[in-house]
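Please look over the notes below with the model open beside them.

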Amino acid sequence: MSKGVMTYLPPHDGHPGMEITWAADCREAFDQGVKLAQTWLDNARSGWLWAVMIAERDLLPCAIERRAFEVGFLSRIHQRMWSHLRCGEQAEIYTAGDCFGHRKTLTLAEARCQG
């Protein structure tokens, strides 16, 4: 009986990675999903997220590979979303004011994440 094949999502944007065990070797499809999501994130989010994912996913031959692709793709998007949430939490901490009692309101675009 097979123990399955492990895929690994590396940590990114300050969010931890994860391991997933599949019944079949889905590493290539999973990695393709992660890479496509990163490409979408790096290219000023050109095109609709769902359309980009579906167009590439549907090229895969079997259901388990399509599922692995989806998991890889959405996991990478998840990491980026959580990194922005963390930035928002840190921005609130830094808007309390300085030692002279001055306050400044930062937008999320101005906040810098150090994580």
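1. The largest nonpolar core of this predicted model comprises 17 residues, and the members touching the most others are Trp22, Phe30, Ala68, Phe69, Phe73 and Ile77. Two or more residues each come from strand S2 (18-22), helix H1 (27-42) and helix H3 (63-94). The biggest contribution is that of H1, at seven residues.

2. Phenylalanine 69 deserves a separate look. Setting aside neighbours within four places in sequence, its contacts are Ala29, Phe30, Gln32, Gly33, Leu36, Met53, Glu56, Arg57 and Leu60.

3. There are zero disulfides in the structure. For cysteine 26, the nearest cysteine sulfur belongs to cysteine 62, at 6.5 Å.

4. Cysteine 26 has a relative accessible area of 1% and is buried, whereas cysteine 62, with 30%, is partly exposed.

5. Where does glutamine 79 lie, and is this residue buried or exposed? Glutamine 79 sits in helix H3 and counts as buried, because its relative accessibility is 1% and the limit for buried is under 20%.

6. A polar atom of the glutamine 79 side chain is 3.3 Å from the backbone oxygen of proline 16. Beyond neighbours within four places in sequence, glutamine 79 is in contact with Leu9, Pro10, Pro11, His12, Asp13, His15, Pro16 and Gly17.

Methods. Residues numbered from 1 in each chain as written. Predicted model: local features only at pLDDT ≥ 70, side-chain atom pairs only at ≥ 80, totals over all residues. Heavy atoms only, no water. Core = buried A, V, L, I, M, F, W, Y, C linked by side-chain atoms within 4.5 Å. Buried < 20%, exposed > 50% of the residue type's maximum accessible area, 1.4 Å probe, protein only. Helix = DSSP H or I, 4+ residues; strand = E, 2+ residues; numbered from the N terminus. Contact = heavy atoms within 4.5 Å. Disulfide = S-S within 2.5 Å. Polar contact = N/O pair within 3.5 Å; in protein donor to acceptor, adjacent residues only side chain to side chain.
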